[in-house]
Amino acid sequence: MFYAREMTEIELVVPERDVLAITRVLAKKGTFHQIDASYATSQPGVGSADEWRERASASAALERRLLSMMDTLGIEEGKPRSTELASKSDLEAIRSTAGELEREVQEINQELADEQETLQQLQRYAEQLEPLVGVNVEVDTLRDQRYVFSMLGTIPVDHVERLRTSLERIPFVLLTLHKDTRQAVVLLFGTRRNTDILERAARSAYLNPLSLPDRYRGTPQEILSALRASIDETREQIAEHRGIMNEMRETRKTQLQDLLWRVRADRAMADALARFGKLHYTYLIVGWVPTRSVSELTQELRETSQEILIEATPTKRGQADRDIPVALNNPGILSAFQQLVTIYARPRYNEIDPTLLIALTFPLIFGAMFGDVGHGLVLAGLGALLASRKIRPLRSLASLGAIVILCGLVATVFGFLYGSLFGLEDVLPALWIRPMESIMLILIVAIVGGFVLLSVALVLGIWNAWMERNWGELLFANNGLAGLVFYWSLVGLIAGALVPGLTLPRAGLIGLAALSGSAIMLSELLGRLIEGRRPLIEGGVGTYVVQSIFELFETLISFLSNSLSYVRVGAFAVAHG
């Protein structure tokens with residue numbers, strides 16, 4: 001486990017001529033967490049927050065355009081190349097260059113899209129004609145007849161008689177030109193004045209009419225030959241345009257990456273400057289820095305601006321404000337699990353970072369549920385493919401590839417323990433147990449594992465309260481020492497009642513449960529008492545008693561349900577088997 005770094009709040013008063021240089025220093029260090037100080041602005045206008053916000057918005061729009069071009073060409077963002085704020089002339093030059101590249105990319109991409117759409121249409125025409133190849137009818141003779149309606153197409157065999165029946169009241173001719181077990185090629189004739197009736201009847205019978213552009217003439221066989229030639233030609237054009245796109249990707253890659261990072265740096269710098277306080281001739285910059293980095297940063301800032309004013313206010317452990325930012329910096333594979341932690345919440349300042357615990361337990365629980373040698377290796381392979389960034393739509397998830405790999409490997413280990421290979425239970429010997437043959441044992445092991453993990457979580461909660469010097473929560477809260485004793489007492493009583501031959505001091509456990517339960521009920525009152533806060537009870541004694549009883553009941557239900565929820569680990573192992 002790691003703690004969030006000790007943080008120090010710093011305030012900088014920077015001369016206007018040095019503000020860009022100071023901002024670059026803060027950006028390059030990567031340890032400064034900015035706080036919005038634009039409220040201190042006393043001189044709107046040039047260099048004010050509104051001007052910089054407009055600049056940041058314009059740069060963000062340009063950044064989106066560049067990213068869209070790079071996505072079209074299949075170019076990755078690459079590594080950061082700039083932390084400089086571009087001049088207005090440079091930004092205009094970048095915008096002009098980006099516009100030219102955008103037109104070039106869009107033109108080629110649109111031509112490629114049009115050709116792909118043409119290819120799909122030609123293939124649809126070919127699919128329509130293939131059932132009609134044996135029909136010796138001039139297709140163009142059926143078009144634009146003055147007095148006769150005609151429709152050539154395919155229809156499900158079962159619907160031919162349905163079509164005949166629906167047209168009994170009007171004059172028509174329905175010729176079956178070809179038929180197989182599934183569909184028939186038919187030619188429908190009627191008078192022009194009954195066109196609407198004929199078309200509705202054809203649609204209701206699922207008659208798929210042949211619809212070709214006027215330029216295709218001749219028999220279906222002749223038209224199909226012409227279509228195939230057009231398909232081949234279109235495919236050649238698509239390959240040619242893809243070659244142009246590939247060439248453009250190679251020639252424009254470095255240029256687009258450079259433009260992207262210059263614009264991104266400009267947007268970040270402008271966004272930071274928009275949150276500075278603008279005084280008459282100075283800027284106010286406020287933020288947090290890890291305490292161990294303050295000395296080095298201060299020295300570099302003073303070297304950059306001799307007239308800068310720096311005020312640092314360190315925050316000590318046990319006195320931490322809950323709004324202090326938390327800097328998490330887990331190395332290697334732990335950084336992937338850090339993302340899982342931050343999905344739910346970030347640990348508060350001075351709390352233990354649970355990333356290491358998650359890195360140990362997450363793959364372990366997954367492997368226990370999904371234990372299979374074959375499936376685990378496949379999953380690890382998929383994780384490696386994800387981490388390789390070779391799948392364009394999934395590149396944003398590449399950082400999670402390490403988690404998938406680790407889960408797959410642990411699942412493989414459990415597969416050997418269970419003797420399972422792609423769901424086959426009779427290929428490998430089980431090094432431990434077979435879940436399907438030891439259902440009760442694996443469920444008990446899962447519950448015991450849940451008890452251990454919940455106990456560890458309670459111990460970490462106690463440790464966090466100790467570090468914050470929050471004595472009331474440490475001693476009496478449901479996630480403090482009282483909660484831990486209450487939980488262990490309950491587990492001891494249940495185990496003593498259910499496990500044959502297990503002898504535990506029942507009276508002592510009942511006494512501990514009653515004592516710790518009472519402490520949880522009175523946690524708020526006792527906490528205020530030992531911390532010297534008054535009043536001891538807010539809202540009346542009756543309300544407090546009722547609320548305390550419900551809180552104890554909620555704690556009891558929570559402990560029991562959370563423990564039993566680990567039955568799912570064993571149940572998934574059995575279900576997977």
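1. The second largest pocket has 15 lining residues, and those nearest its centre are Ile 447, Val 491, Ile 494, Ala 495 and Leu 498. The model is a predicted one. The volume of this pocket is about 490 Å³.

2. Three helices each give at least two residues to the lining of the second largest pocket: H12, H14 (481-498) and H17. H14 makes the largest contribution, with 6 residues. The lining of this pocket has 14 nonpolar residues, 1 polar residue and no charged ones.

3. Is Ser 563 buried or exposed? Its relative accessibility is 10%, so Ser 563 counts as buried; the cut-off for buried is under 20%.

4. Which residues does Ser 563 touch, apart from those within four places in sequence? The contacts are Ile 447, Leu 454 and Tyr 487. Ile 447 is also among the residues nearest the centre of the second largest pocket. Val 491, another residue of that central group, has its C-alpha atom 9.4 Å from that of Ser 563. Along the chain, Ser 563 and Val 491 are 72 residues apart.

5. Now the largest pocket. Its volume is about 1,200 Å³. The lining consists of 36 residues, and Pro 354, Leu 357, Ile 358, Ala 457 and Leu 460 lie nearest the centre. Two or more lining residues come from each of H8 (334-344), H9 (355-369), H12 (439-467) and H17.

6. H12 supplies the largest share of the lining of the largest pocket, 9 residues. By class, this lining holds 23 nonpolar, 8 polar and 5 charged residues.

7. The strands are a separate topic. E4 (residues 148-156) and E6 (residues 183-191) run antiparallel and are joined by 9 bridges. Within this pairing, Leu 152 is opposite Leu 187 of E6.

8. E6 also pairs with E5 (residues 172-179), again antiparallel, through 7 bridges. Val 173 has Phe 189 in E6 as its bridge partner. How many residues lie between E5 and E6 in their hairpin? There are 3. When checking side chains here, one general point applies: in a regular strand, they alternate between the two faces of the sheet.

Terms used
Residues are numbered from 1 along each chain as its sequence is written. This is a predicted model: local features need pLDDT of at least 70, side-chain atom pairs count only at pLDDT 80 or more; totals for chains, interfaces and linings use all residues. Side-chain values use heavy atoms; hydrogens and water are left out. Buried means under 20% relative accessible area, exposed over 50%, partly exposed in between (1.4 Å probe, protein chains only). Contact means heavy atoms within 4.5 Å. On a 1 Å grid over the protein atoms alone, a cavity is a set of points where a 1.4 Å probe fits but cannot get out, and a pocket is an open set with protein on both sides within 12 Å along at least five of seven lines; lining residues have an atom within 4 Å of a point. Grid points are joined across faces, edges and corners, and a volume is the space filled by probe spheres set on the points. Helices (H or I, at least four residues) and strands (E, at least two) are DSSP runs, numbered from the N terminus. Ala, Val, Leu, Ile, Met, Phe, Trp, Tyr, Cys and Pro count as nonpolar, Asp, Glu, Lys and Arg as charged, and the others, Gly among them, as polar. Two strands pair if DSSP finds at least two bridges between them.
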